Amino acid sequence: MEEIDTVNLQVNHVQRWRFRDRSGTLPAGPIVLRVTEDEKQWCRFECYRIEGGMHCISGSAWSDFVGPRVHARLTLYAKQDGENFNRVRVRAG
């Protein structure tokens with residue numbers, strides 16, 4: 001799986017996460033990322049490109065997801081061939 005970016009989630013990430021797309025796979029326009037950790041639970045996060053080639057994920061679904069995971073390490077992965085979703089891996093911090 002190709003990594004987009006990794007973050008150690010902090011309280012300030014509950015509102016938004018700004019990151020650089022290391023995979024180069026995210027489009028420039030606003031999108032909704034459909035993500036899963038285990039293909040059983042699904043989330044939809046608002047994602048948009050900001051200045052300097054950075055992206056930002058925000059919105060109520062993101063806040064609800066991050067809130068109980070503060071201090072965990074999150075990795076966001078690019079879509080794989082034939083898939084219409086991104087994967088995340090969350091590890092306790």
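View 1. A disulfide is a covalent bond between the sulfur atoms of two cysteines, and here the term is applied to a pair of cysteine sulfur atoms within 2.5 Å. A search of the whole structure finds zero disulfides. Cys43 counts as partly exposed, at 23% relative accessibility, whereas Cys56 is buried, with a relative accessible area of 1%. In these legends, buried means under 20% relative accessible area, exposed means over 50%, and partly exposed covers what is in between, with a 1.4 Å probe and protein chains only.

The model shown is predicted, so local features need pLDDT of at least 70 and side-chain atom pairs count only at pLDDT 80 or more, while totals for chains, interfaces and linings use all residues. Residues are numbered from 1 along each chain as its sequence is written, and side-chain values use heavy atoms, with hydrogens and water left out.

**View 2. The whole protein, with its one helix and seven strands.** Read along the sequence, these elements follow the pattern β-β-β-β-β-α-β-β. The radius of gyration of the protein is 12 Å, close to the 12 Å that the globule rule gives for 93 residues, so the protein is as compact as a globular protein of that length. The radius is taken over C-alpha atoms, and the globule rule is 2.2 Å times the number of residues to the power 0.38. Helices (H or I, at least four residues) and strands (E, at least two) are DSSP runs, numbered from the N terminus. Along its principal axes, the C-alpha trace spans about 30 × 30 × 20 Å. Buried residues make up 41% of the 93 residues. Among contacts between residues at least 6 apart in sequence, 51% join residues at least 24 apart, where contact means heavy atoms within 4.5 Å.

**View 3. The surface of the protein and its charged side chains.** The accessible surface comes to about 5,500 Å², and 44% of this surface belongs to carbon and sulfur atoms; the area comes from the Shrake-Rupley method with a 1.4 Å probe. The protein has 14 positive and 12 negative side chains, and the centres of the two sets lie 3 Å apart. Lys and Arg count as positive and Asp and Glu as negative, while His and the chain ends are not counted. The place of a charge is taken as NZ of Lys, CZ of Arg, CG of Asp or CD of Glu.

View 4. Not counting residues up to four places away in sequence, Ser58 touches Gln15, Arg16, Glu46 and Tyr48. When its neighbours within four places in sequence are left aside, Ser63 is in contact with Val14 and Gln15. The C-alpha atoms of Ser63 and Pro30, which are 33 residues apart along the chain, are separated by 18 Å.

**View 5. Val70 and His71 in the loop between helix H1 and strand E6.** In this part of the chain, helix H1 covers 60-66 and strand E6 covers 73-77. Leaving aside its neighbours within four places in sequence, Val70 is in contact with Leu9, Gln10, Val11 and Val14. The C-alpha atoms of Val70 and Asp5 are separated by 17 Å, and these residues are 65 apart along the chain. His71 has a phi near 85 degrees, a positive value in a residue other than glycine, and at 52% relative accessibility His71 counts as exposed.

**View 6. Glu39 and Asn12, each in a loop between two strands.** Glu39 is found between strand E3 (31-36) and strand E4 (42-49). Although Glu39 is not a glycine, its phi is positive, at about 65 degrees, and the residue is partly exposed, with a relative accessible area of 43%. Asn12 lies between strand E1 (3-8) and strand E2 (16-20), and it is exposed, with a relative accessible area of 51%. The C-alpha atoms of Asn12 and Val66, 54 residues apart along the chain, are separated by 9.9 Å.
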